[in-house]
Amino acid sequence: MKLVVRLKLQPAPQQASALEATLRACNAAASEVAVVARQVGVYRNYDLRRHVYQAVKDDHRLGAQAAQHVIKKVSDAYKTLKANIRAGNLGKPGSKRHRNAETSPVSFRWDAAQPYDARMLSWRPDVRTVSIWTVDGRLKAVPYTGSSDQLKAVATLPIGESDLVHRDGMWFLHASVEVPEPQLIDPVGFLGVDMGVANIAYDSDANRYAGTRLNGYRRRQIRLRARLQHKATKSARRLLARRRRKEARHAANVNHVIAKTIVTEAVRTGRGIAVENLTGIRDRVRLRKPQRVTLSSWSFRQLGAFLAYKACRAGVPLVQVDPRYTSQTCSRCGHRDKRNRPDQETFTCRSCGVVAHADHNAALNIARRGVEGWGAVNRPHAA
């Protein structure tokens with residue numbers, strides 16, 4: 001499996017200037033390629049090269065590999081844009097936003113990440129330096145640093161493509177490394193995980209993750225964001241950008257901690273992990289306006305991705321189950337009724353009378369569906 005390791009570069013001022021010039025040249029070229037792609041209606045990587053490859057090299061001082069990566073970056077951007085249009089993420093057909101997405105060329109910030117391959121970037125883990133291509137020539141012995149785990153990963157694992165990234169005045173390399181996958185265990189059961197608004201996650205062992213305290217933090221961020229948006233000054237927009245990045249880092253850290261805790265418990269007890277398939281949750285769920293804001297302010301997809309890769313690294317099976325009616329069905333007798341859930345926290349079965357926390361009851365149902373789904377996938381075929 002592939003993992004991304006982030007390492008911080010420590011370039012000298014002259015080296016930093018060369019890196020900045022490289023990002024500016026690559027992204028200016030990418031924006032021009034995106035315009036040509038719209039004009040000629042060609043978006044596939046290899047087809048687009050015939051129209052722009054030589055001009056990109058000559059006009060922006062790019063080497064052959066850099067030019068090819070720029071063209072591929074544009075092709076991938078249009079592929080992502082098309083997927084978002086198809087999924088309805090850019091407005092309804094006929095809306096102004098939808099029309100702009102279909103007709104306007106993609107543009108790239110000057111500091112958008114630029115891919116590097118082994119021909120453009122070489123590593124010296126023994127002295128913690130890299131040799132990296134720029135438009136001003138190859139920079140040798142650029143130091144890098146990171147955590148002990150990150151440094152060990154790039155020193156011992158095969159390194160694939162890397163991205164040069166500029167954020168907040170700092171330079172980073174996001175390197176993809178190949179990690180061997182352990183064999184999946186044969187689970188003795190499944191740990192069900194219910195994801196929700198009031199509690200980010202609640203498992204079938206009745207463990208609650210990131211509940212009241214985190215929701216207080218999220219409400220405070222929403223209030224601060226609304227205040228800055230209402231002010232609408234230049235400094236307020238600058239603060240909004242800083243706060244957005246801060247919130248994203250906080251959310252990623254919380255999601256990492258939750259995912260690690262859940263996977264560790266599954267490993268300890270020899271169980272697999274069952275989660276809801278939350279694809280399209282924002283379109284399916286009907287909520288009041290304050291709840292919609294809360295739902296949209298947390299990255300459930302990111303938490304699911306963290307759970308998936310951490311479980312894979314630990315050899316823990318992870319299955320996605322149908323989320324329908326998990327909150328309305330009794331985990332003890334199986335009776336389903338909308339009235340079983342009188343409020344957000346409480347589950348009261350109108351058939352057998354069991355009373356439980358609604359999220360715990362849903363997590364138990366998810367765990368049972370995980371067992372059933374795993375059994376169906378791994379059931380021996382009849383001879």
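Helix H5 lies across strands S1, S3, S5 (139-145), S6 (159-167) and S7, running at about 110 degrees to S1, where contact means heavy atoms within 4.5 Å and angles run from 0 to 180 degrees between the N-to-C directions of axes fitted to C-alpha atoms, for helices over the stretch in contact. Helices (H or I, at least four residues) and strands (E, at least two) are DSSP runs, numbered from the N terminus.

This is a predicted model, in which local features need pLDDT of at least 70 and side-chain atom pairs count only at pLDDT 80 or more, while totals for chains, interfaces and linings use all residues. Residues are numbered from 1 along each chain as its sequence is written, and side-chain values use heavy atoms, with hydrogens and water left out.

The 7 strands form an open antiparallel sheet in the order S2-S6-S7-S1-S5-S4-S3, two strands being paired if DSSP finds at least two bridges between them. S2 (114-116) and S3 (121-124) are the edge strands, each pairing on one side only, and the twist averages 35 degrees from one strand to the next. S3 pairs with S4 (residues 129-132) in the antiparallel sense over 4 bridges.

Elements that give two or more residues to the lining of the second largest pocket are tabulated here.

| Element | Residues |
|---|---|
| strand S1 | 2-9 |
| helix H5 | 148-156 |
| strand S7 | 170-178 |
| helix H7 | 234-269 |
| helix H10 | 300-314 |

The largest share of this lining, 6 residues, comes from H7. Thr264, also placed in H7, is partly exposed, with a relative accessible area of 46%, a class that lies between buried (under 20%) and exposed (over 50%), using a 1.4 Å probe and protein chains only.
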